[in-house]
Amino acid sequence: MTPSDPSPVDPPAQRPRRRVESATGAGAGATPSVPAPRRPRAPRKSNSPAPVRDEPVDRGGAWCVVGAGPHGLSALKALLQHGVDVDGFERAADVGGNWNFGAPTSRVYESTHLISSKPFTQFPDFPMPDSFPDYPSHRQIKEYFGRYADHFGLRGHLHPGHEVVRAVPVEEGRAWDVTVRDVATSTETTYRYAGLVVANGHNWSPKQPTYPGLETFGGEVMHSADYKGADVLRGRRVLVVGAGNTGCDVAVESAQNAVHTWHSTRRGYHYNPKFALGRPGDQVADQLLALRLPLALRRALFTATLKVTVGDLAKFGLKRPDHKFFETHPIVNQQLVYYVGHGDITPVDDIERVEADAVVFTDGRRAEVELIIFCTGYLVQFPFLQTEWLNWQDDHPQLFLQMFTPSFDNLVVSGLIQPDSGQWTLAHWQGVLIARVAEALRDRPAVARGLLSRAPQEAGRRFTAGAHYKDSTRHYFEVAHQDYLRAVEQAIRELEDSA
């Protein structure tokens with residue numbers, strides 16, 4: 001639905017609340033229903049924008065969800081299941097967020113597949129089809145999100161093609177005025193909500209590095225945010241900068257298409273195989289967790305497995321890791337070492353300087369290149385909010401449970417996590433916790449504030465399961481999934497037990 005009326009949200013008639021309880025164990029629960037969606041207004045016949053309202057449209061006790069990726073969809077669904085009215089806004093024309101390939105909100109590229117396997121990535125109450133492979137493509141994931149929205153009746157509460165441009169607290173923080181722009185007409189309308197869920201993602205604002213001489217380079221420079229496929233690589237000499245999962249994917253794709261590829265990294269990493277012992281690697285890893293093996297033993301087993309299957313990375317010209325397993329976000333790639341071993345990728349150090357037609361590295365080597373692709377990650381941005389409202393310290397927010405700010409009880413962030421396994425189980429339970437908090441703020445405010453009063457003391461608490469993550473922007477939001485899920489479950493139980 002893409003309504004063109006200047007008031008994109010029709011205040012619905014009062015509906016009876018239908019509440020479905022959610023179990024707090026991952027994977028539990030039957031597929032519940034949600035309140036019937038509202039019927040959208042017919043599109044306006046005139047193409048001219050209507051006047052901007054002077055007063056906000058009061059949505060009463062409804063909440064607003066920003067973003068229709070996996071975290072926005074799961075929050076929307078959970079709020080509806082708990083009897084909380086809600087409107088969702090999405091800048092793109094359809095659901096999917098980062099997985100909506102080709103949309104302005106998407107950073108995936110043509111060859112993108114999941115790096116966590118299907119059962120560890122899917123929503124616990126909505127399995128992926130059996131026909132999907134172990135590691136589905138971005139197109140299959142987009143299809144999956146569309147089915148999810150249809151199955152739970154979310155589209156009647158979603159407003160694609162509408163961008164949230166501003167959100168401000170009003171009524172001494174008891175409500176939020178959210179200004180929404182119709183992408184097609186540029187009409188802006190402000191709505192007043194009882195609460196705000198921010199789920200616009202953190203992998204969309206490119207982190208652009210700077211190097212001496214970069215402005216003099218005569219070739220092409222791009223960030224992986226703008227990389228969509230191999231056409232840009234063919235017949236060229238390419239430098240890929242960055243050793244994350246995207247950097248490794250692009251380096252491999254370049255090896256398959258470019259004249260030659262150089263891969264610049266600052267440190268060595270453990271390159272985890274997508275398959276081990278005949279199964280997806282994360283499923284093998286989770287079996288070790290289920291056996292409750294201590295961290296040191298799991299590290300030893302992973303190290304031994306890689307030594308047997310891959311060998312000493314230094315023999316391929318790659319740097320040895322300067323950290324232990326589980327101290328960085330997992331790099332899942334079986335092909336990088338293959339193409340390094342075949343001479344199609346040359347590993348090089350960090351960039352020292354850039355010349356008109358070449359790049360000089362810190363180890364003294366020089367490469368004449370035509371294209372530089374920076375796969376250097378993203379910076380978290382919430383352009384419609386003031387940073388101090390999210391307890392911003394240094395260059396990122398410090399939140400309780402990676403969700404709740406000490407500043408406002410009714411402002412919640414969903415998706416500001418980077419787990420060491422699949423993410424959407426965590427998205428599901430974040431949504432349940434958001435719904436429980438919204439419900440409690442409405443019906444039992446003292447209970448809600450009993451939980452949220454911990455935010456000032458526990459903001460910034462890390463969920464590492466005993467590991468010590470590397471201090472970098474890439475790891476600000478890293479969580480050990482089992483540790484984090486346990487904390488979210490405890491918070492849900494705390495609210496349920498006080499009911």
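Modeller: Let's start with a definition: two strands pair if DSSP finds at least two bridges between them. Helices (H or I, at least four residues) and strands (E, at least two) are DSSP runs, numbered from the N terminus. This is a predicted model, where local features need pLDDT of at least 70, side-chain atom pairs count only at pLDDT 80 or more, and totals for chains, interfaces and linings use all residues. Residues are numbered from 1 along each chain as its sequence is written, and side-chain values use heavy atoms, with hydrogens and water left out.

Colleague: Okay, in which order do the 5 strands of the open sheet come?

Modeller: The order is S4-S3-S2-S8-S23, with parallel pairing. Strand S4 (158–160) and strand S23 (411–413) are the edges, each pairing on one side only.

Colleague: How many bridges join S2 to S3?

Modeller: There are 4 between strand S2 (residues 63–66) and strand S3 (residues 86–90). Val66, for one, has Phe89 in S3 as its bridge partner.

Colleague: And what describes two packed helices?

Modeller: The angle between their axes and the distance between the axes. Axes are lines fitted to C-alpha atoms, for helices over the stretch in contact, and angles run from 0 to 180 degrees between N-to-C directions. Here, helix H9 (residues 445–452) packs against helix H11 (residues 481–497) at about 155°, with axes 10 Å apart. That makes the two roughly antiparallel (the label for angles over 145 degrees).

Colleague: Which residues make the contact?

Modeller: With contact meaning heavy atoms within 4.5 Å, H9 brings Val447, Ala448, Gly450 and Leu451, while H11 brings Ala491, Glu494 and Leu495.

Methods:
Parallel < 35°, antiparallel > 145°, perpendicular 65-115°, else oblique.
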